[in-house]
Amino acid sequence: MRCSQCSIQTMAWYILKRIVFVIFICSANISVVSAQMIDSTGTSVSDKLRIKKLIGQIKQNEAAVKFSKMAVNTVSDSSQIPYLLFQLSELLYRNEKLRYSFNLEKYDLQLQLFEAKKIKSDPEEPLLTYSKTLKINQQIIEEYPDFEFMPQILYRSSICFYETGRTEQARELFYQLLPNCKNDTLKAELTFRIGESLFDDGNYVQALSTYKKILDDWDNPFFSMALYKIGWCHYRMENISEAISTFYYLLSDIRLIEKIDSEILGKSKIDLTEEVKEYIALSFSDYGGVSALLGFIHKMGETDHKPDLLFKLGQIYLKRNFYKDCSDTFEHLIQQCPGYAELPSVFLKLYDCYENLGINKAKSIHQKFTKTCGPGSPWRLANAGVKNKELYEDALEKMTIKMATPFIISADSLFAANQFNFAIKKYNQFLTEFPTDKRADHAQFFIGECLFNLEKYEEAGKAYYSILQNYPGSELFEDAAYNRIICYDKIQQDSNAIAATDLLADTNQGTNDLIRVSKDYLKLFPNSDRSPEVKLKIAELFYGQGKFVSSEKYAHSALKSILKYQKGKQHKIPALNLLAQIYFKQEEYIKAKKLYSVLLSQRSDSLALKDKWKKMFASSMFKIGEQLKSNGQSKKAAFNFEMTAIRSTDPEIAETSLFEAAIQYEKAGMNKKAALKFESLFQKYPQSERSKEYVYRAGVLREKLEQFHLAAKNYENLYKLTGDTEEGCSALFNAGLAYEKANDWFSVFRIFSRYVNLIPDSSDRKLEAMFKIAYADEQNNQTSRAKTNYNRVIQKYFQISQSGKFADEYFAAHAAFRLAEMKNKSFENVQLKPPFQLNLKRKQQIFNDMLKMYVDATKYNIAEWTTASFYKIGLAYEQFCQDIMNSPSPANLNEDQLNSYWNTIHQKWVVPLQVEALKYYETNKNMALQNSIQNQWTEKTENRIMLLRSNLSQNSTAPPINQFKQASGTTAGKSNGKRRAL
């Protein structure tokens with residue numbers, strides 16, 4: 001046994017070594033392949049080869065996983081298991097990452113195939129969950145809480161949660177790790193990640209507090225990042241002065257930005273520097289302007305970033321069309337920073353500012369520019385490079401052109417002043433006199449702009465088209481193509497407006513022209529940032545024409561450009577919305593539901609739009625339910641209808657969906673669920689037109705489930721809805737029947753008493769209800785009232801019959817029978833004990849009355865109660881015999897006297913009574929045969945006949961008392977303890 005254990009342990013350690021080796025090889029291969037992938041960027045390496053290499057990595061890593069699992073299952077030393085599980089967890093983490101990369105590649109290829117219509121189904125985008133890693137880590141946490149690498153386990157789990165967007169779970173683990181963290185760098189990282197998760201959740205106050213904790217140690221690698229995010233928190237919280245101070249402090253020491261791990265923030269160091277400058281300038285643009293910025297710099301100390309800050313501030317003003325503020329800022333920049341590298345650009349923008357302000361300073365600015373930045377100037381000496389020289393010459397050329405061409409300036413001024421007709425003349429004059437000028441495309445473009453503003457959309461479209469024909473290298477080329485689309489869009493809108501009043505108008509031409517020019521744009525600029533918008537416009541036009549396949553093609557292409565290439569993000573929601581509508585129109589409701597679900601997860605300020613998505617999501621689910629319903633999948637259909645009701649904000653849709661869910665649950669045989677849904681419908685929509693149907697169906701289903709009290713409650717609710725109408729009375733009757741099945745006789749009495757008071761004597765159910773009242777009294781031991789009510793049934797029967805109307809004799813017969821049965825109980829209760837003769841006489845009197853009552857029950861000729869009465873009469877005779885036999889013997893008699901006494905009893909009472917009982921039984925049998933009646937009473941009668949005949953044949957002579965007792969048979973009566981049986 002010991003050798004065997006050693007062998008197993010040896011094998012386990014061998015496996016461990018193999019794992020280490022495989023991990024090493026796997027890591028090496030991943031590095032090689034990663035390098036190859038980087039090298040292959042932009043080359044023609046096929047997708048298939050790239051995926052093949054990725055599969056190789058996955059296989060190698062999975063081999064390591066396999067070895068690791070084998071080690072876990074093989075090693076007998078339990079102390080090694082947590083280490084092996086930890087190793088397995090890390091391998092699974094790597095494996096899930098590789099798998100995700102592979103699935104992304106696969107998804108991308110499938111998407112291309114789908115768009116090329118080579119596959120039918122739209123692929124689903126893969127998800128990264130780290131489920132296997134987290135599962136192993138949870139096992140270690142639960143089974144080995146004292147494991148020495150527990151912090152690493154918790155850290156890995158927290159990163160898994162963080163990377164998959166589960167920020168709350170990640171944050172909990174970060175908090176859990178912090179108290180025992182000895183490593184300052186790791187502690188700072190955990191604190192920073194907590195701050196990031198709070199920041200992502202919009203909790204800027206707590207995020208700010210968390211980031212500040214990192215500032216205690218200025219030398220830690222997260223110090224700069226924390227400072228950067230503190231500035232962001234202040235900015236988001238509109239603490240502008242604190243934001244400015246924080247950003248400026250970060251900007252004042254370039255080493256701080258150099259320390260930022262840009263990968264964590266997702267930005268380059270250059271982007272971060274520019275962003276910090278941008279937000280400082282943006283803050284001052286809202287609070288104090290250029291004077292406040294210069295005052296702040298003076299107070300905080302001069303900085304090399306001062307010209308950049310002034311330049312950005314001026315640009316912000318320029319974008320906002322605050323030309324006076326812009327010119328003031330640029331003038332300060334030129335005055336205070338004569339060596340600034342971007343000074344030629346500043347002069348150009350300053351020129352534009354004055355031009356927009358209508359101040360003619362062109363000549364003075366030109367002179368100042370050449371003096372400040374021209375050859376021999378301090379600026380040229382400070383910026384002697386070729387690039388700076390080109391910057392100056394380019395700016396000079398532009399400025400000179402502007403000065404030398406008053407026509408274009410005048411035309412632009414007219415355009416800016418909305419004097420479009422005069423501007424068109426100036427632009428045409430410019431094109432005539434300067435056809436080769438580099439701004440000819442500009443003039444042609446603005447002719448189109450003027451015509452557009454004059455609402456001459458067809459002419460404007462031709463003007464833009466002239467750009468496409470004559471100026472292929474123009475910087476306005478794409479804008480012209482795009483504006484041409486807008487012109488045709490306006491033309492199409494006008495044609496639609498005409499069609500609204502003129503039914504004979506044709507809108508197809510306008511739509512087709514707009515589709516044509518939009519396709520022209522896509523041919524010229526397939527990768528433009530505007531391409532998603534244009535594709536979406538084409539999709540909308542095809543949708544309007546009912547061409548849903550074409551519409552889907554362009555909408556899907558637009559969405560791909562948005563999601564994959566991050567172009568036109570603002571059109572993401574419209575694209576998703578249109579695609580969802582297309583799928584709905586094409587009856588692809590599952591796809592439509594998925595997209596409406598995605599839309600509902602998006603942020604939107606439009607409550608109306610959100611409400612529409614909710615309605616369409618519910619409608620999609622409803623349609624899916626209808627499809628399942630038509631396919632006979634009732635259970636699935638019911639679930640979909642139920643979910644529709646839950647998700648819908650439209651009460652009408654919610655009610656209809658819940659109703660359909662109930663119907664489908666009923667069809668699926670799930671009666672309890674169906675009943676619950678109908679009852680829920682009644683509770684939620686008591687004023688609905690269908691509320692009566694809801695409670696009625698619920699009542700029927702509860703009866704099927706034998707939940708009679710619940711059924712009765714539903715019928716009573718139906719009565720409340722319908723009142724004392726015929727329908728209401730019927731509901732009340734059904735409630736009484738349900739209580740009867742539940743043996744709730746008090747409720748039976750209550751319901752049918754009310755029912756009887758509501759219906760006329762002519763009602764078919766009058767006698768039945770009266771009978772049920774009497775029967776409920778009998779069951780409630782209200783004997784006297786029961787007798788009275790049974791007699792009322794009989795009286796009412798004769799009263800109705802004598803009036804010439806139909807009366808159901810069944811209930812009169814049944815009432816008569818029940819009266820006889822009650823008399824039978826009185827008969828059974830009289831015991832033949834001393835004084836014997838007195839009690840015997842009393843019993844005989846009750847017996848005679850009872851027989852008469854049973855005979856009365858037969859007069860109605862109702863088979864059930866006639867056969868029952870004859871059977872009960874026979875049984876009563878037998879019971880009389882049994883009671884006589886059970887009577888005590890006279891006192892002080894010897895054995896001979898005792899035998900003589902019982903022989904006399906036998907001859908005088910027993911035999912005659914048994915004979916009489918047999919006569920009634922046989923009469924009952926013969927009558928049943930003649931009338932083809934067969935029921936429980938006839939079967940019982942047959943049994944009694946056989947037994948009585950046997951008894952009479954055995955007891956034809958009076959045997960001694962002991963023999964007589966042994967020969968006596970059983971009776972149909974109740975057991976009487978130790979007394980004799982007949």
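**Close-up views of a predicted model**

**View 1. Glycine 448 is a buried residue of the predicted model.** The relative accessibility of glycine 448 is 0%, and this residue therefore counts as buried, the limit being under 20%. Glycine 448 belongs to helix α23, which spans residues 440–453.

**View 2. Surroundings of glycine 448 include alanine 463.** Leaving aside residues up to four places away in sequence, glycine 448 touches Ala460, Ala463 and Tyr464. Between glycine 448 and alanine 463 the C-alpha to C-alpha separation is 4.9 Å, although the two residues are 15 residues apart in sequence.

**View 3. Helices α40 and α41 cross at roughly 150°.** Two packed helices are described by the angle between their axes and the distance between the axes. Helix α40 covers residues 783–802 and helix α41 covers residues 809–829; their axes come within 9 Å. Angles over 145 degrees count as roughly antiparallel, and α40 and α41 are therefore roughly antiparallel to each other. The crossing of α40 past α41 is left-handed.

**View 4. Residues of α40 meet residues of α41 in a contact.** On the α40 side, the contact is made by Thr783, Ala786, Lys787, Tyr790, Asn791, Val793, Ile794 and Tyr797. The α41 side contributes Glu809, Phe811, Ala812, Ala815, Ala816, Arg818, Leu819 and Met822. Classed by type, the contact of α40 with α41 comprises 11 nonpolar, 2 polar and 3 charged residues.

**View 5. Cysteine 353 and cysteine 487 are buried.** Cysteine 353 has a relative accessible area of 0%, and cysteine 487 likewise counts as buried, at 0% relative accessibility. A disulfide is a covalent bond between the sulfur atoms of two cysteines. A search of the whole structure finds 0 disulfides.

Definitions and conventions: Residues numbered from 1 in each chain as written. Predicted model: local features only at pLDDT ≥ 70, side-chain atom pairs only at ≥ 80, totals over all residues. Heavy atoms only, no water. Axes fitted to C-alpha atoms, helices over the stretch in contact; angles between N-to-C directions. Helix = DSSP H or I, 4+ residues; strand = E, 2+ residues; numbered from the N terminus. Parallel < 35°, antiparallel > 145°, perpendicular 65-115°, else oblique. Left-handed = near helix turned anticlockwise from the far one by under 90°. Contact = heavy atoms within 4.5 Å. Nonpolar A, V, L, I, M, F, W, Y, C, P; charged D, E, K, R; others polar. Disulfide = S-S within 2.5 Å. Buried < 20%, exposed > 50% of the residue type's maximum accessible area, 1.4 Å probe, protein only.
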